[in-house]
Amino acid sequence: MGILDFLSKQFVDVIDWVEEPGQLGWRVPLADREIQNGAQLTVREGQIAAFFNEGRIADMFGPGLYTLDTSTLPLMTAIMNWDKGFKSPFKSDVYFFSEKEQIGLKWGTAQPVTLRDPELGPLRVRAFGSYSFRIKEVAPFASRIMGTLGEVKVADIEPQLRAAIQTALATGVAGGGTAFLDLAASQTALSEALKAAVTPTFAQWGLSVESFFVESLSLPEEVQKHLDKASSMRVLGDLDRYAKFQTAEAIETAAAQSGGVAGVGAGAAAGLAIGQAMTGALGGTASAPSAPAEDPFALIEKLHKLLDMGALTQAEFDTKKAELLGRIR
C-alpha cells in the first residue's frame, strides 16, 4: 500500500447511504478512518443517521444535507470536550436506519392453534395473513436488534416477528372464548384485535405495526366437511322452506318451457308434493295442513325422486325405504 493510498483512507469527507430493498439498518464502514471536520452528511427521505460514542447515541439527523461541525454535533461536542474552534478529525460510529414502511410481509400459523369454541368444542384453527411495520424508535432498535452488527435486514428479524404474531393469536384469540364462526364472519375485527395484541411486542424492539390483515381462517379438512354436512342437514330440516323453494323452482322451469305458464300449476303441485313427501318420510312437520297417510309404495317412489335430486343420500333412502316396507308386512 502506497503512502497516498494510506492517506486517502484516513479521512471521510462524505457520508451517505443508498439503501437497498429490505434493509433496516447499516453501519458506515469507517474502520480506522476519521471523520473530517466539515464533512458532508446526506440523509435521504425515510432515513435517520445516528452518531454513536462508546455504544451510546450522541447525535441523530433526519432527512437533509448537513455540514459536520460543532454546531451540528452538539452532544458529540460536549462529550468530546471540543471548543468552538474544533478543527481536528474525529472518530465515531455512524449508523443509518430506514424508517420506511416494510410492506407485503406474510404471517401464518406453523402449527394449528387450539380454540375452545363454545358451540363446537375444541377446534384446531389455522390462520394466515399479511402485515407491515417500520422503525419508529431508533434507540431500542439500535440496542436490542442492531447492536454491533454491520447490517440488519427484514429477513433477519421476520422469524421473530412471526413468532410474536403466533403467540398473540394463541393467547388473545384462542383464549378469548369467541366462537369460530363469529371470528370467521368478522375478519376485520379479528385483524384489529391481533394488531392490538402484537403492538406492545413490536414496540419493545422500536417497531410499529402499520397494518395487519387476517386473510384466511380455516379448520382441518375433516372438521370443515362435518360443518358443511351439518349445514346441509339444517337446510333440509326446514321442510316448509324446502317445499316453497321447490314450488318457486317449478314455476321458473315451467315458465321457460314451451308450455309457458300453462305448466306452472303442475310444477307447483310437484314441488308441494315433494315437500309433503319429505314431511311424511322424515317424520317432520310442515306448515301445510296434514294430508291423509299415503300408500308406502307411493312414498318410496317420491323418496326415490329426492334421491335422484340429491336431496337424500343413498343411506338415508335405504333406511326410510326399509321402514316403509316394514309397515306393509
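**View 1. Aromatic cluster of F52, Y95, F97 and F141 in the predicted model.** F52, Y95, F97 and F141 belong to one aromatic cluster, shown here in a predicted model. Both Y95 and F97 are buried. A search of the whole structure gives 11 aromatic pairs.

View 2. The rings of W17 and W26 are stacked, at 6.2 Å centre to centre and with 15 degrees between the planes. W17 has a relative accessible area of 3%, under the 20% cut-off, and is therefore buried. W26 has a relative accessible area of 22%, so this residue falls between the 20% and 50% limits and counts as partly exposed. The pair Y95 and F97 is stacked because its planes stand at 15 degrees, under the limit of 30 degrees, with ring centres 6.2 Å apart.

**View 3. The open sheet of five strands.** The strand order is β5-β4-β7-β2-β11, and the pairing is antiparallel. At the edges are β5 (56-61) and β11 (151-153), each of which pairs on one side only. From one strand to the next, the twist averages 20 degrees.

**View 4. Pairing of β2 with β11.** Strand β2 (residues 23-27) is joined to β11 by three bridges in the antiparallel sense. Within this pairing, W26 is placed opposite E151 of β11. The residue W26 is also the stacking partner of W17.

View 5. Helix α3 covers residues 138-146 and lies across β2, β4 (47-53), β5, β7 (93-98) and β11. Its direction makes an angle of about 105 degrees with β7.

**View 6. The open sheet of three strands.** The order in this sheet is β1-β3-β6, and the pairing is mixed. The edge positions are taken by β1 (11-15) and β6 (64-67); each has a single partner strand, so one side of each has no neighbour in the sheet. Direction ignored, neighbouring strands of this sheet are turned by 10 degrees against each other on average. Four bridges link β1 with strand β3 (residues 34-43) in the parallel sense. V14 stands opposite Q40, a residue of β3.

**View 7. Overview of the chain.** The chain has 11 helices and 12 strands. Of its 329 residues, 36% count as buried. Its accessible surface is about 18,600 Å², with 55% belonging to carbon and sulfur atoms. Among contacts with a separation of 6 or more, 69% are between residues 24 or more positions apart.

How values were computed: Residues are numbered from 1 along each chain as its sequence is written. This is a predicted model: local features need pLDDT of at least 70, side-chain atom pairs count only at pLDDT 80 or more; totals for chains, interfaces and linings use all residues. Side-chain values use heavy atoms; hydrogens and water are left out. Two strands pair if DSSP finds at least two bridges between them. Helices (H or I, at least four residues) and strands (E, at least two) are DSSP runs, numbered from the N terminus. Axes are lines fitted to C-alpha atoms, for helices over the stretch in contact, and angles run from 0 to 180 degrees between N-to-C directions. Contact means heavy atoms within 4.5 Å. Buried means under 20% relative accessible area, exposed over 50%, partly exposed in between (1.4 Å probe, protein chains only). Accessible areas come from the Shrake-Rupley method with a 1.4 Å probe; for residues, only the protein chains shown count as cover. Rings of Phe, Tyr and Trp (its six-membered ring) pair if their centres lie within 6.5 Å; planes under 30 degrees apart count as stacked, over 60 as edge-to-face and the rest as tilted.
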